[in-house]
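Me: I'd like to learn how to read aromatic pairs in a model. Could you walk me through them with this one?

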Amino acid sequence: MKIGFYGKLAWSGIKKNRQLYIPYIITCIVMISMSYIVSFLSKSETIMNMSGGDSVCMTLGLGTNVILIFSVIFLFYTNSFLMRKRKKEFGLYNILGMNKKNICQILFWEMIIYCVISYILGMIFGITLSKFAELILINVVNGSTSLEFTISWGVICATAVKYAVIFSVILLCNLVRIRFVNPIELLRSENVGEKPPKSNWFLGILGLVVLVAAYFIAMSVENPIDAMSWFFVAVIMVITATYLLFIAGSVVMCRAMQKNKKYYYKPNHFVSVASMVYRMKRNGAGLASICILSTMVLVIMSTTSSMYYGAEDTINKMYTRDIAITTGFASYEDYREKDIGRIKDRVNECFAKHNVVPESIKEQKYTYISGIISDNIFYGDNNGNLYDSDLAFSDLSQICVISLDDYNTVNDAKEALGNDEIMMYVSNSGKQYQYDTFEISGGGTYKVKKNVEELEENRGSINTIFKTYYIITTDPIGLEDKLKTAVNEDHAVYGDTMSWYYGFNIDSDDKTKNTVYCELKEILKECSEAMGDDISYNSYNVYNKEIERNDFYGMNGGLLFLGIMLSIVFLFAAVLIIYYKQISEGYEDRHRFVIMKKVGMNNREIRKCINSQLLTVFFLPIIVAALHLGFAFPMLKNILSMIFMTDEIVLIVTTIGTLAVFAVGYAVVYYATSKLYYGIVSGD
Amino acid sequence: MSILDVSGVKKVYTARFGGHKVEALKNVSFSVEEGEFTAIMGESGSGKTTLLNILAALDKPTQGTVILDGKNLSSIKEKNMADFRRDNLGFVFQDFNLLDTFTLEDNIYLPLVLAGKNYMQMSARLEPIADLLGITNLLRKYPYEVSGGQKQRAAVARALITEPKLILADEPTGALDSKAAGELLKLFRNINSSGRTILMVTHSVKAASNADRIMFIKDGEVFHQLYRGNNTNEQLYQSITDTLTLLQSGGDR
């Protein structure tokens, strides 16, 4: 009987506050259904079995956690807002003779009610949309679709448990909060006359300084390694600065405007500036959150979509041939023509068997050695200074040694070099080698005979991170030896093995390519086993561009998909913050505008004033977000180049595209909420 | 010369559904001379507030005319109404109606800023008014930092600063303690003696006894008027009390 009574009170409480609860429940529904969809997909058999499915599932698995963490933060935030609005009601109950325990019972039932509603609806939406999302995802990652519809009970239960925990913790916090306040406070909490904030110059200026510093870091990043290591620092700095600027900086700015009497005492500015000061203290945090969320959406969408749309270009850079074989040797000296010859014979047999003609064959030997090149001198790390703290990874360069014979064969050239002469090509700089000589610390000097204008790089990939010097020499063994002596071999960094590369294209369908690829793998395995202990190479690898492409699309498509899902969640969050802000401000401002009307402001002036305030409040965060995105651009570009995405145009286009789509969506929200606000202020 | 002429004003409210009509004002006619301090008294529901709203041009009469300084209020177009109100009328309200986002100074400037005056003009005007009202030292404070009486004095300053033809005061002492109320009424007398016309609606006999003339409204009509003549405040107070007793015991004229 008693339970029924409090249950009823809770239900009527929700109904009476539907203006607050409906958006809250909608957000819960969105979060729960997104959470279900993403974790459902991360465990979906269909996707797992696709080629590249592993990477998709792994990416989505991470996404599940991101959504969960965000849900916790956001639900706490909105809950505190709801509680603030409801305090008065609870205070009244308390004074009318209900004790705190009873109020807790009401809270408990309210929580049960909206949990059940959001959970059931969230699941219904989640399950219905999961198939749809699966189709989109499969389409995005270029997979093949099936039409069976599955429901994962495991995921449903897991999601239920996760959100049950979140909601229980929120409930617990509310109960504790109610326990420790007295009824008068409860009653009064909404209309405590708030002091206009004092301008805090220190925090305001600190915010500005931190922001400028973060922008400076972002702009001065020159290579991917720096970008990676500074990215999170910059992100944290920007977030801090945004909060400081919105909370303290805005007040400082408004105060400065008030000091300027000529500016301040103008009909357009007078009311707006004064009320901005007043509301910034409370809304600064909300606006900053909106700004951060918008920035997150923009960054996520622009990077994931540019990765997705730039994928083809990236794959072509990473894999220059349809199929390629590589074998790794300890050094040039170990290379044995006989072993490689045997492999090549078997490969040719395979071509004949499948009646394919390999095209644009590229066969080349090369060694990569990493070290530091300053001016024209190569240092190893003999002094151990490669690992000094003041020496960043970004100072690393690598040298690729190619023999003149290979160079001439591959490039169809007839260059000739003396013993102490080399040819030079520098990647990743856009500049040619500037010096006439090249010196190896402790290993002699070479004369640079010629700067090679263009060179097809072996691993287009890695060269986007490290600056690579291609050295063409008649004596690769000798050069390799000298370089290795300069480098302390114990500290060998990356790729100081010699490789034999054999790549080719086949003009046939994917199936034939795959057959050839599988057979080549088999051949290499057999050859290596046949040689037993007497084997010159220590590793081998075969790649098929088609398979790599699937993997790549799997990962990038998965990321894009996840990006879209996260953006939806973040956008809902931002919209809800805006909505709550407008409602609560509407009720406060109503009283203010009534006074202004009495004092002699007409409706047109009031509308104009409201408009200018709304515009500022709405578009300030998105303008700042766009600014953040603009300054983040060099960093994003560098980080993306690390995963071999170097097409700047694609990034620019997707960034601007995302911004445009976002601005349109935002304008729609603005229009809807401002109508609501006018309604409240004008008292309808 | 009369500054305000109210003749034959009638106000009928119609319920939204059905034809049920409520007559808030039956037939009100009076005029106020320039420099006069008039009080309007009446019980709740007698039509005081309706009358004040009509005088303030916040509401339109069903019948009759209100002429302020030779201008018929109903002839003023809606879009010019706010300007007219701002330039010709000063308001003092029971609950002060100061904006908590502004300092007292800025609250006082509000109507002038809306009228597009610059800071120099405004501060030149404020100086003597603030001096008269004794709030010069409080100008930098916010409404929540000062007492009720001080708030009301700031509100009076806001009403005075536009140099209006008529000051309308709606229960100005209603939210004040007796000491603050006494001080405010003294200020009203000072303001009045410096030439301002004041029309005050009030419940309080003490407040009304400061006026030159008291009009009693009952059931939507001007029921009776009292003139100060050569009476002191105390004598006037007595006559008002007598009139009110008469009014309440339902006696006819």
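Me: How many aromatic pairs does the structure hold over all chains?

Reply: This is a predicted model, and over all chains it holds 37 aromatic pairs.

Me: What describes a pair of aromatic rings?

Reply: The distance of the centres and the angle of the planes describe it. Take Phe5(A) and Tyr6(A): their ring centres are 5.1 Å apart and the planes meet at 65°, so this pair is edge-to-face. The cut-off behind that step is an angle over 60 degrees.

Me: Are Phe5(A) and Tyr6(A) buried or exposed?

Reply: Phe5(A) has 45% relative accessibility, so it counts as partly exposed. Tyr6(A), at 6%, counts as buried.

Me: Which geometry do Phe619(A) and Tyr670(A) have?

Reply: Their planes are at 65° with the centres 5.4 Å apart, so this pair is edge-to-face. Phe619(A) counts as partly exposed at 22% relative accessibility, whereas Tyr670(A) counts as buried at 13%.

Me: Which residues form one aromatic cluster with Tyr264(A)?

Reply: Tyr265(A) and Phe270(A) from chain A, together with Phe102(B), Tyr109(B) and Tyr119(B) from chain B, form one aromatic cluster with Tyr264(A).

Me: And which residue lies over the face of Tyr678(A)?

Reply: That is Arg607(A), at 4.2 Å from the ring centre of Tyr678(A).

Definitions and conventions
Residues are numbered from 1 along each chain as its sequence is written. Chains are lettered from A and ligands numbered from 1 in the order in which they are written. This is a predicted model: local features need pLDDT of at least 70, side-chain atom pairs count only at pLDDT 80 or more; totals for chains, interfaces and linings use all residues. Side-chain values use heavy atoms; hydrogens and water are left out. Rings of Phe, Tyr and Trp (its six-membered ring) pair if their centres lie within 6.5 Å; planes under 30 degrees apart count as stacked, over 60 as edge-to-face and the rest as tilted. Buried means under 20% relative accessible area, exposed over 50%, partly exposed in between (1.4 Å probe, protein chains only). A charge sits over a ring if NZ of Lys or CZ of Arg is within 6 Å of the ring centre and within 35 degrees of the ring normal.
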